[in-house]
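Please look over the sequence and the coordinates below before reading on. The paragraphs that follow lead through the fold step by step.

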Amino acid sequence: MVHEVRGVVAGKVGAKVSLETILVPDPGPGEALVKVQACGVCHTDLHYREGGINDEFPFLLGHEAAGIVESVGDGVTDLEPGDFVVLNWRAVCGRCRACRRGESQYCFDTHNAAQPMTLADGTPLTPALGIGAFADKTLVHSGQCTKVDPAAKPEVAGLLGCGVMAGIGAAINTGGVGRGDSVAVLGCGGVGDAAIAGARLAGATTIIAVDLDQQKLEWARRAGATHTVDARTDDVIESIQRLTGGNGADVVIDAVGRPETFKQAFYARDLAGTAVLVGVPTPEMTLELPLIDVFSRGGAVKSSWYGDCLPSRDFPMLIDLYLQGRLDLDAFVSDTIALDEVERAFDDMHAGRVLRSVVKL
Ligand SMILES: NC(=O)c1ccc[n+]([C@@H]2O[C@H](COP(=O)([O-])OP(=O)(O)OC[C@H]3O[C@@H](n4cnc5c(N)ncnc54)[C@H](O)[C@@H]3O)[C@@H](O)[C@H]2O)c1
Ligand SMILES: [Zn+2]
Ligand SMILES: [Zn+2]
């Protein structure tokens, strides 16, 4: 059976997204059909719409979602209809060279559904990050479904599917933030604030939030920032150094992803400190640094793909922390919207009015 549902489609570079009828097949072997309950609007959806990720238009956007498994295909044994799941874009293969050496968080061959979802005329859609969840239903690989405690609200649980996990993981998994560390986060949207919340969870004692927007800095304080720096008026590197005894922070996380912010992250860390790039640059961006500084400052310069998370390990754990009141994920949901309001949510994101708009279905 083919399911005729609504989906948010980006048709061509830079054009506004539109709500279309899409066709979603029943799950084949290893696949799961999920009734989407909530899906957050991530900056990466906007990158897709602007052609910043690749040019495989049309895209079915949305990738930060939670929902209920409606049906599963042959051979799926660890999921059943009715399960409450967070969708992930890291269904690890277990066989690639990263998986074989026990580092599945880097899996180089993750699974997606094999069958395409299409427009009504049969044009295949490219689902954002292999998910495509701004839709009433979506088809994914069963490994993309991570069961979590159904006591969590879908609009909150879904956030772990991308931005919040990326931010928390950038701090804890990639940056290795530990008790007593100093951390600076550049860019305090959903991802940056999650990095702040992650740093707090890990026991960092100095957490510096940097943004161009006062409202964002205020929200960053709520997420756990102990200090804020207004990048419009203050020198970012000097401010971070001043707030860390003149040294720079142990870990600096760039949650913007531009050459200028990454340079700030590089120079605002202490000697032997770590700079983490979690914001996604666009293909034309380049970075120039004196090689002597790369050498003489020591430490590590790392990229964080999806917070180096293992969904099966990290999603249930973070949901448990949320349900215990130790991780305030409600604070990330600024607005709940309808499926036909994604374009407005992009405007709100641009204008800095929201941390996350979440589509509720
Ligand atoms: N690495 C990953 O796995 C992963 C996962 C999800 C999202 N992302 C990326 O993370 C980035 C952030 O996503 P988001 O959803 O939080 O976006 P967002 O638009 O909500 O937040 C970005 C923030 O950066 C601030 N900002 C912009 N330029 C700045 C500058 N020069 N200095 C300081 N602050 C600045 C903005 O004011 C805003 O608050 C995006 O690039 C997104 O694509 C990466
Ligand atoms: Zn693998
Ligand atoms: Zn995302």
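Strand 3 (residues 31–40) and strand 9 are joined by five bridges and run antiparallel, and within this pairing L33 has L139 of strand 9 as its bridge partner. Helices (H or I, at least four residues) and strands (E, at least two) are DSSP runs, numbered from the N terminus, and two strands count as paired if DSSP finds at least two bridges between them. This is a predicted model, in which local features need pLDDT of at least 70 and side-chain atom pairs count only at pLDDT 80 or more, while totals for chains, interfaces and linings use all residues. Residues are numbered from 1 along each chain as its sequence is written, and chains are lettered from A and ligands numbered from 1 in the order in which they are written.

Confidence is expressed as pLDDT, the predictor's confidence in each residue, from 0 to 100. The chain averages a pLDDT of 97, and 100% of the residues score at least 70. Confidence is lowest in helix 1 (residues 43–49), with a mean of 94, and highest in strand 11 (residues 182–186), with 99.

Returning to strand 9 (residues 137–141), five of its five residues are buried, so the strand is largely enclosed by the rest of the structure. A residue is called buried if 20 or more other C-beta atoms lie within 10 Å of its own, exposed if 12 or fewer, and partly exposed in between, with C-beta atoms placed from the backbone. K137, L139 and H141 point one way from strand 9, whereas T138 and V140 point the other way, and all are buried.

Five strands form an open sheet in the order 7-2-1-4-8, with mixed pairing, and its edge strands, strand 7 (118–119) and strand 8 (126–127), each pair on one side only. Inside this order, strand 1 (residues 2–10) and strand 2 (residues 18–25) pair in the antiparallel sense over eight bridges, and V9 stands opposite S18 of strand 2.

The other open sheet has six strands in the order 13-12-11-14-15-16, with parallel pairing. Strand 13 (227–230) and strand 16 (300–303) stand at its edges with a single partner strand each, so one side of each is left without a neighbour in the sheet. Neighbouring strands of this sheet are turned by 15° against each other on average, direction ignored, where the axes are lines fitted to C-alpha atoms and angles run from 0 to 180 degrees between N-to-C directions. Strand 14 (residues 249–254) and strand 15 (residues 269–277) run parallel and are joined by five bridges, with V252 opposite A275 of strand 15.

In helix 8 (residues 259–267), the buried residues include T261, F262, Q264, A265 and F266. Among the elements that cover them are strand 11, helix 7 (236–242), strand 14, strand 15 and strand 16.

What surrounds ligand 1? Its shell holds 32 residues, the closest being H43, A166, G187, G189 and V191, where a residue is near if its C-beta atom, placed from the backbone, lies within 6 Å. Helix 1, helix 4 (163–174), helix 5 (190–201) and strand 12 (206–211) are the elements that give two or more residues to this shell.

Finally, L329 lies in the loop between helix 10 (311–323) and strand 17 (335–337), and L329 is buried, with 24 other C-beta atoms within 10 Å. The C-alpha atoms of L329 and V164 are separated by 8.5 Å, although the two are 165 residues apart along the chain.

Definitions and conventions
Two residues are in contact if their C-beta atoms, placed from the backbone, lie within 7 Å.
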